[in-house]
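Take a look at the sequence and the coordinates, and then read on.

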Amino acid sequence: MKHLILALFLLCAFATNAQQTGWEPSPGHTQLPIWPEAPPDPQPVAGRETVETDPKFLVAGKPVAGVSNVTRPTMTVYSPEEKNTGAAVIVFPGGGYQMLAIDLEGTEVCDWLTSRGITCVLLKYRVPDSGPHWVDKCKCQVNPKAPMALQDAQRTMGLLRARASAYHVDPRKIGVLGFSAGGHLSADISTHFDKRVYPPLDAADRESCRPDFAVVLYPGHLWVSAYKNLTLNPDVPVTRRTPPTFIVQAENDPVDSVNNSLVYYIALENAGVPVEMHLYAEGKHAFGLRRTSFPITRWPELVETWLRTIGIVNAGR
């Protein structure tokens, strides 16, 4: 239930503000549909895609833009302007699988990555109810009728590998990075890559959809809270083939318990997967890259060091 508190708050807050129809990237970047026709397993939504910003809801003094009712998922490629390490990261914004924090956990992340010579692919995946989510009627967490967010993530990974040369990307150095629900999606695709969760369409779906590395920030839906012991969600089946993973969370996170990070770390460690985790006393939830006075705000520097350590980015770059 806590996993949706932030998303529901945002949705309620945005409801009284002016709406912008559809999200568009900044000039110089193009959204590309990831499906040639209608996406698989389409589900009805309450209205058209909108972007809403509430000036009263601030993170580090700035408002957050939320995208809702996404039925046509897209990928937007942000390429480095100067040096290019050859590495690439697909970014999954959070939002409780109800909406997408498209700037806080999307475009701002791409600005950071491209400044470090890393190609960023921002995935605007389908919402709402495209992943595990809380339902008030039954007071329970339910899985979606179809794993739409995972479908979109797998498809995007295949497309990026198929087009790697066009984007000047090394197809062996493509990872994922996600926040909150997007953190869960990073773990989801890290443990579901042997088989597509939709009927393959073309050559892109013959490419591997296994990430080469994963960054998981303040994730939800990884811990089964009904049990007294730390129990991993069985829908996230960690194996020794799960990619190297970096985890960050604040211990005082009021939305997603730090147990989500702990249980995933333990499973990765037990499976022999290289994993690095950083837990902080302060930071709460949904901080993104916006600078604060807390030490957790330096997590991007730790990720950069980790990427050099595991050989994704050369030490001299």
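## Ground rules

Helices (H or I, at least four residues) and strands (E, at least two) are DSSP runs, numbered from the N terminus. This is a predicted model, in which local features need pLDDT of at least 70 and side-chain atom pairs count only at pLDDT 80 or more, while totals for chains, interfaces and linings use all residues. Residues are numbered from 1 along each chain as its sequence is written, and side-chain values use heavy atoms, with hydrogens and water left out.

## Confidence

The predictor's confidence in each residue is given as pLDDT, from 0 to 100. For this chain the mean pLDDT is 92, and 93% of the residues reach 70 or more. Residues 1-16 have a pLDDT below 50, and this stretch has 36 contacts in the model beyond near neighbours in sequence; a contact means heavy atoms within 4.5 Å. Where pLDDT is low, the predicted coordinates should not be read in detail.

Two strands pair if DSSP finds at least two bridges between them. Eight strands form an open sheet with mixed pairing, in the order S2-S5-S8-S6-S11-S12-S13-S14. Strand S2 (31-33) and strand S14 (275-280) are at the edges with a single partner strand each, so one side of each is left without a neighbour in the sheet. From one strand to the next, the twist averages 20°.

Inside this order, strand S6 (residues 88-92) and S8 run parallel and are joined by four bridges. Helix H6 (residues 299-309) lies across strand S11 (174-179), strand S12 (214-217), strand S13 (245-250) and S14, and runs at about 165° to S13. For such angles, axes are lines fitted to C-alpha atoms, for helices over the stretch in contact, and angles run from 0 to 180 degrees between N-to-C directions.

## A hairpin and two positive phi values

Strand S3 (residues 50-59) and strand S4 (residues 62-68) run antiparallel, joined by six bridges. Val51 stands opposite Val67 in S4. The hairpin of S3 and S4 has two residues between the strands, and Ala60 takes a positive phi near 55° there. That is a positive value in a residue other than glycine. Is Ala60 buried or exposed, or does it fall in between? With a relative accessibility of 47%, Ala60 counts as partly exposed; the scale calls a residue buried under 20% relative accessible area, exposed over 50% and partly exposed in between (1.4 Å probe, protein chains only).

His168 also has a positive phi, near 60°, and is a residue other than glycine. His168 lies in the loop between helix H3 (148-162) and S11. The relative accessible area of His168 is 59%, so this residue is exposed.

## Cysteines

How many disulfides does the structure hold? It holds one, where a disulfide is a pair of cysteine sulfur atoms within 2.5 Å. Cys110 is joined to Cys120, with an S to S distance of 2.1 Å. The torsion about their S-S bond is about -50°, so the disulfide is left-handed. Cys110 lies in helix H2 (residues 103-115) and Cys120 in strand S8 (residues 119-124), so the pair ties together parts that are ten residues apart in sequence.

Cys110 and Cys120 are both buried. Cys209 is in no disulfide, and the nearest cysteine sulfur, that of Cys120, is 19 Å away. Cys209 has 0% relative accessibility and so counts as buried.

## His285 and its polar contacts

His285 sits in the loop between S14 and H6. Its relative accessibility is 12%, so His285 counts as buried. The side chain of His285 makes polar contacts with the side chains of Ser180, at 3.0 Å, and Asp253, at 2.8 Å. A polar contact is a pair of N or O atoms within 3.5 Å; within protein, one must be able to donate a hydrogen and the other to accept it, and residues adjacent in sequence count only if both atoms are side-chain atoms.

## Prolines between S8 and S9

The loop between S8 and strand S9 (133-135) holds Pro128, and the peptide bond from Val127 to Pro128 is cis, with omega near 10°. Pro132 is found in the loop between S8 and S9 as well. With a relative accessible area of 8%, Pro132 is buried. Leaving aside neighbours within four places in sequence, Pro132 is in contact with residues including Tyr97, His184 and His221.
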